[in-house]
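Student: I have a protein model to study. Can you walk me through it?

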Amino acid sequence: MKRKQSDMSEAGTDSKQKSEIVALYSEYAKELDEINDRYERIIKCSRDTTINSKRLISLLQRLTDDTKDELLKKAEADLKRIHEHICKIASEVHQQDYYRYTRAFTFGIQEYVEAVSFYYFIKTGELISIKTIESMIKESHKDKLDFRITISDYMLGIADLTGEMMRLCINYASSNNKEYCFTICEFVRKILLGFETTSVYHYEYSKKIEVMRQSMSKMENACLAIKIRGSEFPGGFSMSLMADDMEL
């Protein structure tokens, strides 16, 4: 009789322990589901950020001296839409493990850095700082939440900017304001110098520098062609006449 009671007691204890384990694993499963759902939401916001950033860059590439003010107004509206997506990411990672989710939005943020730095250069003629970018995002958030831009995302975004600057430089080479080409070229030269004297531990860093050097070379060839052969042609001369010199 005592043995039966002991067996029943042990069975009850085992059942209780199993229930506790099941409850514990159910809690873990719920937590993992929340993490995965949040990750997917962040990926969607990052994709929207990338798409809208590319649209902003495409808009800014249509810059001319006559359309600058109108273009910047449109760009500000586009930036507002981009900030809405980034603010959603900021809300998702708020009070969470930030680095658990960085892979979900890193490419979107790099594209955004490229777009906003392009806009900032056209507006001010200067390179935007990482603190300025973070401040712009914070001011756009309804709850004024902080959002951290990693050094690698900032640097890789700025590296991509130089490719857009090269295209802008070439576009201006066939305009009446060819002096702007030299401004752009000098701006990119300073960025390249900064990259070559800075180390960032990222697998794409060396590749980005090589592409930057190629863009720099194209801009220098364009500026050289303007200096040497620009006087041969009146305002608005065709860049096709200098294509061999520029080696585009």
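Tutor: Some ground rules. This is a predicted model, so local features need pLDDT of at least 70, side-chain atom pairs count only at pLDDT 80 or more, and totals for chains, interfaces and linings use all residues. Residues are numbered from 1 along each chain as its sequence is written, and side-chain values use heavy atoms, with hydrogens and water left out.

Student: What pattern does the protein follow along the sequence?
Tutor: Helices (H or I, at least four residues) and strands (E, at least two) are DSSP runs, numbered from the N terminus. The protein has eight helices and zero strands. Read along the sequence, the pattern is α-α-α-α-α-α-α-α.

Student: Which residues does I184 contact, leaving aside neighbours within four places in sequence?
Tutor: Contact means heavy atoms within 4.5 Å. I184 is one of the residues with the most contacts inside the largest core. Beyond those neighbours, its partners are F121, M165, L168, C169 and M219.

Student: Is Y98 buried or exposed?
Tutor: Buried means under 20% relative accessible area, exposed over 50%, and partly exposed in between (1.4 Å probe, protein chains only). Y98 has 8% relative accessibility, so Y98 is buried.

Student: Why does the pair of Y98 and F147 count as edge-to-face?
Tutor: Rings of Phe, Tyr and Trp (its six-membered ring) pair if their centres lie within 6.5 Å; planes under 30 degrees apart are stacked, over 60 edge-to-face and the rest tilted. The centres of the Y98 and F147 rings are 6.2 Å apart. The pair is edge-to-face because the planes are at 65°.

Student: How many residues apart in sequence are the parts tied together by Y98 and F147?
Tutor: Y98 lies in the loop between α2 and α3. F147 lies in the loop between α4 and α5. The pair ties together parts whose separation in sequence is 49 residues.

Student: Is Y25 buried or exposed?
Tutor: Y25 lies in helix α1 (residues 2–60). Its relative accessibility is 57%, so Y25 counts as exposed.

Definitions and conventions
Core = buried A, V, L, I, M, F, W, Y, C linked by side-chain atoms within 4.5 Å.
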